[in-house]
Amino acid sequence: MTRSPEPAARAGRESPQQALVRRALAACPGFTSAQLLHLRMASAGTGVSLSTVYRTLAALTGAGLVDVVRDDSGERLYRHRPGPGHRHYLICRRCGHSLAVDSAEVETWAARTAGRSGFADVHHRVELHGTCPACLTGRADE
């Protein structure tokens, strides 16, 4: 069995501060903004600057270790990617709960569209936003 490279190897040489950012993101239960991640880290007593959080998230995104979506205002939200390959999510616009969805049809459509167009190295982003069952029934705060 071949092991995938460690995160530091995939994202470049990792500093101790970058390792803190990566671990803090992995501990988040869902998508989070860079500013909220920084606030969470500052509250925990880590001395990582906001610019380090942004640079680390950009490096992790480029290395394929993070999924990124945009909220309704256009802000980027980040989530640790638990395995290889990107995912598509259904995200509650009220509470932020996210659910990975089966994206086989999207992937097939994207590959077919790229093939027909003659384009190469095609990337796509699909984001689905709605209201989760808990928010619909008023149980999101329970």
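**Questions about a predicted model**

Q: How many helices and strands does the protein have?

A: The protein has 6 helices and 5 strands. The model is a predicted one.

Q: And in what order do the elements run from the N terminus on?

A: The order is α-α-α-α-β-β-β-β-α-β-α.

Q: How much of the protein is buried?

A: Of the 142 residues, 27% are buried. The protein exposes about 9,400 Å², and 54% of that area is supplied by carbon and sulfur atoms.

Q: What about contacts between residues at least 24 apart?

A: Take the contacts between residues at least 6 apart in sequence: 46% of them join residues at least 24 apart.

Q: Let's look at α3. Which residues are buried there?

A: Helix α3 covers residues 34-43, and Ala34, Leu37 and Met41 are buried in it.

Q: What do the buried residues of α3 pack against?

A: They pack against α2 (16-27), α4 (50-62) and β2 (76-80).

Q: And which exposed residues are on the face turned away?

A: That face of α3 carries Leu36, Leu39 and Ser43, which are exposed.

Q: What follows α3?

A: Gly45 follows α3, and its phi is positive, near 90 degrees.

Q: Back to Leu37. Which residues is it in contact with, leaving aside neighbours within four places?

A: Leu37 is in contact with Val21, Ala24, Leu25, Cys28, Thr32, Val53 and Leu57.

Q: Which residues of the largest nonpolar core touch the most other members?

A: That core has 15 residues, and Leu37, Met41, Val53, Leu57 and Tyr78 touch the most other members. Two or more residues each come from α2, α3, α4 and β1 (66-70).

Q: What lies apart from it?

A: Another core, of 5 residues, lies apart from the largest one; Phe31, Val69, Leu77 and Ile91 are among its members.

Q: New topic: His88. Where is it, and is it buried or exposed?

A: His88 is in strand β3 (residues 88-92). His88 counts as buried because its relative accessibility is 3%, under the 20% cut-off.

Q: What joins the side chains of His88 and Glu107?

A: A polar contact of 2.9 Å joins these two side chains. A polar atom of the His88 side chain also lies 3.4 Å from the backbone oxygen of Val126.

Q: Which residues is His88 in contact with, neighbours within four places aside?

A: Glu107 and Val126 are on that list, together with Leu99, Ala100, Val101, Ser103, Val106 and His124.

Q: Now the cysteines. How many disulfides?

A: The count is 0 disulfides.

Methods:
Residues numbered from 1 in each chain as written. Predicted model: local features only at pLDDT ≥ 70, side-chain atom pairs only at ≥ 80, totals over all residues. Heavy atoms only, no water. Disulfide = S-S within 2.5 Å. Buried < 20%, exposed > 50% of the residue type's maximum accessible area, 1.4 Å probe, protein only. Helix = DSSP H or I, 4+ residues; strand = E, 2+ residues; numbered from the N terminus. Contact = heavy atoms within 4.5 Å. Areas by Shrake-Rupley, 256 points an atom, 1.4 Å probe, with all protein chains shown as cover. Polar contact = N/O pair within 3.5 Å; in protein donor to acceptor, adjacent residues only side chain to side chain. Core = buried A, V, L, I, M, F, W, Y, C linked by side-chain atoms within 4.5 Å.
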